[in-house]
Amino acid sequence: MEFLTNDKLVIVGAAGMIGSNMTQTALMLRLTPNICLYDVFSAEGVAEEMRQSGFDDANIVATTDPKEAFTDAKYIISSGGAPRKEGMTREDLLAGNSQAAKELGENIRKYCPDAKFCVVIFNPADITGLVTLVHSGLKPNQVATLAALDSTRLQGALAKHFCVSQAEIKNAYTYGGHGEKMAVFASPTTICGVKLSEIIAGKATANGKGLTADEWKQMQEDVTKGGAKIIELRRRSSFQSPSYLAVKMVEGAMGGEEFVYPSGTYADTARYNHVMMAMPTRINADGVYTKPVLGTPEEIATLDASYEHLQSMRDQVIGMGMLPPVEKWSEVNPNL
């Protein structure tokens with residue numbers, strides 16, 4: 001089986017659990033033989049494990065030198081920030097990880113300005129993705145953040161409740177911020193072809209089961225706290241699910257299977273602008289592109305509240321000096 005491309009893929013934060021899982025997943029999916037593992041801590045151990053796994057036709061390089069890592073890179077996935085620990089929110093990581101995002105963007109601008117696509121997955125991803133985009137000089141459709149994990153958590157929760165395969169859950173999506181202020185929609189979703197909104201209203205069932213308004217409210221809350229639940233269950237933050245989904249995003253950008261879950265993308269609409277947020281998206285060889293958000297008035301109101309929270313975090317980062325004022329973004333990145 002041939003590789004999807006020979007272009008260079010850089011995995012940032014490769015020494016960590018997410019980074020090592022991304023490396024293995026990218027090789028198993030045959031994305032590219034040309035992989036560079038970059039971390040401020042040596043990722044040589046990860047590289048050795050991949051070689052010992054028998055990926056004989058791959059060229060795996062580990063380095064702590066950003067110039068070596070990013071030069072000629074065409075695709076970048078970064079988990080290169082501090083992980084969330086028990087009792088922490090994603091927002092608790094704002095200052096330190098915003099600095100890491102700024103450095104990521106600057107490395108892209110300096111060493112691989114012709115990169116094709118970058119996926120940012122370290123928290124708070126909406127902000128770290130935005131900081132990376134502004135400082136990288138890339139186009140808005142070339143940078144995306146991992147928001148799909150919220151939607152797959154919703155999909156999984158519904159599948160468990162209705163005792164069906166996740167394949168029977170269609171269009172289970174969350175939008176807005178990747179955090180406890182996310183907007184969890186019901187109106188697009190179907191279970192076994194039955195509208196979730198009809199089930200919540202008590203007008204229908206799926207697989208012989210209903211879902212009350214109170215149960216739906218609890219499920220929405222559980223989904224927004226899905227990351228904290230993983231920490232509670234595993235005593236560490238998620239690493240397998242974000243690794244797989246991030247690599248699938250890059251696969252779409254490389255021209256492989258199109259990625260259809262919502263991604264965090266640069267919002268530039270009349271209603272939402274100058275933030276990164278989860279929206280209905282597709283990722284393919286042309287990059288990430290968005291579609292209009294459709295929902296009930298109540299759902300749009302929750303999305304508006306999530307957007308306001310993202311604006312607040314963005315303004316905090318501007319106050320820290322990690323981003324210039326919004327009106328000066330185009331001076332740093334002419335594509336904005």
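A residue counts as buried here when its relative accessible area is under 20%, as exposed when it is over 50%, and as partly exposed in between, using a 1.4 Å probe and protein chains only. Keep that in mind for strand β1 (residues 9-12), where L9 and I11 point one way, V10 and V12 point the other way, and all are buried. What you're looking at is a predicted model, in which local features need pLDDT of at least 70 and side-chain atom pairs count only at pLDDT 80 or more, while totals for chains, interfaces and linings use all residues. Residues are numbered from 1 along each chain as its sequence is written, and side-chain values use heavy atoms, with hydrogens and water left out.

**The whole chain**

- The chain's secondary structure comes to 12 helices and 15 strands; these are DSSP runs numbered from the N terminus, with helices being H or I over at least four residues and strands being E over at least two.
- With a radius of gyration of 20 Å, close to the 20 Å that the globule rule gives for 336 residues, the chain is as compact as a globular protein of that length. That radius is taken over C-alpha atoms, and the rule is 2.2 Å times the number of residues to the power 0.38.
- Along the principal axes, the C-alpha atoms of the chain fill a box of roughly 60 × 50 × 40 Å.
- Of the chain's 336 residues, 54% count as buried.
- Take the contacts (heavy atoms within 4.5 Å) between residues at least 6 apart in sequence: 72% of them join residues at least 24 apart.

**Around strand β1**

- Strands of a sheet pair through backbone hydrogen bonds, either parallel or antiparallel. Here, two strands pair if DSSP finds at least two bridges between them.
- β1 and strand β2 (residues 34-38) run parallel and are joined by four bridges, with I11 standing opposite L37 in β2.
- To get from β1 to β2, the chain goes through helix α1 (residues 17-28), and this β-α-β crossover is right-handed. In other words, with the strands pointing away from the viewer, the path from the first strand over the helix to the second runs clockwise.
- β1 also pairs with strand β4 (residues 75-78), again over four bridges and in the parallel sense; there, V10 has I76 as its bridge partner.

**A three-stranded sheet**

- Strands β7, β10 and β11 line up in the order β7-β10-β11 as an open sheet with antiparallel pairing.
- Its edge strands, β7 (169-170) and β11 (194-195), each pair on one side only.
- β7 connects to strand β10 (residues 190-191) by two bridges, and I169 is partnered with I191.

**Helix α10**

- Helix α10 (residues 240-253) has 14 residues and reaches 20 Å from its first C-alpha to its last, close to the 20 Å expected at 1.5 Å a residue. The expected span is 1.5 Å times one less than the number of residues.
- 11 of the 14 residues of α10 are buried, so the helix is largely enclosed by the rest of the structure; P242, L245 and M249 are among them.
- After α10 comes G255, whose phi is positive, near 100°.

**Two buried loop residues**

- M322 lies in the loop between α11 (297-320) and α12 (329-332), and is buried with a relative accessible area of 13%.
- Not counting residues up to four places away in sequence, M322 touches A95, S98, Q99, K102, V131, H135 and V317.
- H178 sits in the loop between β8 (174-175) and β9 (183-184), and is buried with a relative accessible area of 8%.
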